[in-house]
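Visitor: Could you take me through the structure shown here? I would like to discuss helix packing and charged pairs.

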Amino acid sequence: MTTHTSTNSTQVKAPRLEFAKSAPKAFRALVALDAAAREGLDPALVELIQIRASHLNHCAYCLHMHTNDARKAGESEDRLHMVAVWREARHFFTEREQAALALTEAMTLVADAGVPDEVYAQAAAHFDERELAQVLALICTINTWNRVALSTGKVAGTDER
């Protein structure tokens, strides 16, 4: 395995596999799904969903990327710090955002308890059918990105977009 220097001059392992180069059709399909899932959704909500799923999946690479993207989109540091504990800091988030975060948790941890009816109903109360379908697709997409990043050994802070 090779190493490279990160922005703070420490040696980090190179990814195990360059997914985009090794499976270009699958990579392009995932990029297209990601773009389609985001369509029509509030960019701040998109980042909150991606950040929460990345927390739950312990994906440092995606967490670093999406917190930076959220900052660039104008998200506050206070809200970014509270995403992981949003249930204890509900006043930082709208009811709509809370419903999306709860759905994100249920779908990300689906093997634990499925998606409870009350979580789905709360999300359905805050999103119309099209929006809800977009949110579902977005949650699926970030979970896929997390799994790709984790399995290929992507390193936080090495995003080269």
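Predicted model: local features only at pLDDT ≥ 70, side-chain atom pairs only at ≥ 80, totals over all residues.

Visitor: At what angle do the axes of H3 and H4 cross?

Guide: The axes of helix H3 (residues 43-56) and helix H4 (residues 60-72) cross at roughly 155° and come within 9 Å. Helices here are DSSP runs (H or I, at least four residues), numbered from the N terminus. Axes are lines fitted to C-alpha atoms over the stretch in contact, and angles run from 0 to 180 degrees between N-to-C directions.

Visitor: Parallel or antiparallel, then?

Guide: H3 and H4 are therefore roughly antiparallel to each other, a label for angles over 145 degrees.

Visitor: Which residues make the contact?

Guide: From H3, the contact involves Glu 47, Gln 50, Ile 51, Ser 54 and His 55. H4 contributes Cys 62, Leu 63, His 66, Thr 67, Asp 69 and Ala 70. Contact means heavy atoms within 4.5 Å. By class, there are 4 nonpolar, 5 polar and 2 charged residues.

Visitor: Changing topic: how many salt bridges does the structure hold?

Guide: The structure holds 8 salt bridges, each defined as a side-chain nitrogen of Lys or Arg within 4 Å of a carboxyl oxygen of Asp or Glu. In one of them, Asp 34 meets Arg 38 at 2.6 Å, N to O. Asp 34 and Arg 38 are 4 residues apart in helix H2 (residues 24-38), so about one helical turn separates them.

Visitor: Are those two buried or exposed?

Guide: Asp 34 is buried, with a relative accessible area of 10%, whereas Arg 38 is partly exposed at 28%. Buried means under 20% relative accessible area, exposed over 50%, and partly exposed in between, with a 1.4 Å probe and protein chains only.

Visitor: Which residues are joined with them into one network?

Guide: Salt bridges that share partners join Asp 34, Arg 38 and Glu 47 into one network.

Visitor: Which pair links distant parts of the chain?

Guide: Arg 52 forms a salt bridge with Glu 105, with the closest N and O atoms 2.9 Å apart. Arg 52 lies in helix H3 and Glu 105 in helix H6 (residues 95-108), 53 residues apart. Both Arg 52 and Glu 105 are buried.

Definitions and conventions:
Residues numbered from 1 in each chain as written. Heavy atoms only, no water. Helix = DSSP H or I, 4+ residues; strand = E, 2+ residues; numbered from the N terminus. Parallel < 35°, antiparallel > 145°, perpendicular 65-115°, else oblique. Nonpolar A, V, L, I, M, F, W, Y, C, P; charged D, E, K, R; others polar.
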